[in-house]
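Hi everyone, thanks for coming. Let me put the model up on the screen, and then we can walk through it together.

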Amino acid sequence: VNQWKTGRWGIGPQINFPSMEGFGNPNWGYGLAAAATQRAWKDRLFFAFLVQQTWSSKDGTTKASPIAINPIFVIQLGKGWYAGNGDYVINYNWYSGAWFIPFGARLGKAFIGEKTTWNAYVEYSTSALYEDWYGPVATHAFRVNVQFQIPVGL
């Protein structure tokens with residue numbers, strides 16, 4: 001919706017596709033999503049804040065899914081190295097009043113070529129708050145990831 005020299009924000013539709021039973025919501029969902037991003041400190045810091053709220057119908061009843069809040073923080077350390085909090089989504093269940101707040105720490109390196117980019121990182125995460133949360137919760141998790149990012153001009 002709006003952009004300035006070091007950031008932008010926007011709002012738009014959110015559509016969730018059904019997942020397999022046991023891996024999330026097996027119903028179609030619809031709603032709104034909003035995001036704001038900001039670069040700072042000579043473009044070495046990046047902050048983002050994403051929020052989404054969907055509703056889904058089952059047996060003729062429409063219910064709100066938990067609201068999803070995703071704060072992101074990344075700092076560039078130099079020579080392609082970066083650190084951040086990962087992509088962990090905070091959830092609040094409107095019906096039970098329960099919060100699920102995961103926390104992660106990521107260390108990665110981007111290998112930026114003339115036409116391609118590879119990204120590799122290691123990450124640790126834990127669930128900081130999940131009392132009364134209905135559903136699976138990972139107490140501790142480690143992730144090692146390598147990504148090939150498709151070039152824009154492809």
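By salt bridge I mean a side-chain nitrogen of Lys or Arg within 4 Å of a carboxyl oxygen of Asp or Glu. Arg 106 lies in strand S9 and Glu 123 in strand S10 (residues 117-129), so this pair ties together parts that are 17 residues apart in sequence. Strands here are DSSP runs of E with at least two residues, numbered from the N terminus.

Before going on, a word on where this comes from: it is a predicted model, where local features need pLDDT of at least 70, side-chain atom pairs count only at pLDDT 80 or more, and totals for chains, interfaces and linings use all residues. Residues are numbered from 1 along each chain as its sequence is written, and side-chain values use heavy atoms, with hydrogens and water left out.

Back to our pair: are they buried or exposed? Arg 106 counts as buried at 16% relative accessibility, and Glu 123 is buried too, with a relative accessible area of 4%. The cut-offs are under 20% relative accessible area for buried, over 50% for exposed, and partly exposed in between, using a 1.4 Å probe and protein chains only.

Glu 123 has another partner: its side chain also meets that of Arg 143 in a salt bridge, at 3.2 Å, N to O. That links strand S10 with strand S11 (residues 140-149), the two residues being 20 apart. Arg 143 is partly exposed, at 32%. Through shared partners, salt bridges join Asp 87, Arg 106, Glu 123 and Arg 143 into one network.

How many salt bridges are there in the whole structure? The search finds five. One of them pairs Asp 43 with Arg 39, at 3.1 Å, N to O. Asp 43 is partly exposed, at 39%, and Arg 39 is partly exposed as well, at 33%.

Staying with strand S9 (residues 99-112), have a look at Ile 101. Ile 101 is partly exposed, at 25% relative accessibility. Leaving out residues up to four places away in sequence, Ile 101 touches Ile 90, Ser 127, Ala 128 and Leu 129, where contact means heavy atoms within 4.5 Å.

Now for the largest pocket, with a volume of about 1400 Å³. A pocket here is an open set of points on a 1 Å grid over the protein atoms alone, where a 1.4 Å probe fits, with protein on both sides within 12 Å along at least five of seven lines; lining residues have an atom within 4 Å of a point. The volume is the space filled by probe spheres set on the points. The lining has 38 residues, and Gly 24, Asn 25, Ser 65, Pro 66 and Trp 133 lie nearest the centre. Which strand gives the most to that lining? It is S4, with seven residues. Strands S3 (29-40), S4 (45-58), S5 (61-64) and S6 (67-78) each supply at least two.

Last stop, Ile 11, which sits in strand S2 (residues 7-16). Ile 11 is exposed, with a relative accessible area of 53%. Thanks, and I'm happy to take questions.

Definitions and conventions
Helices (H or I, at least four residues) and strands (E, at least two) are DSSP runs, numbered from the N terminus.
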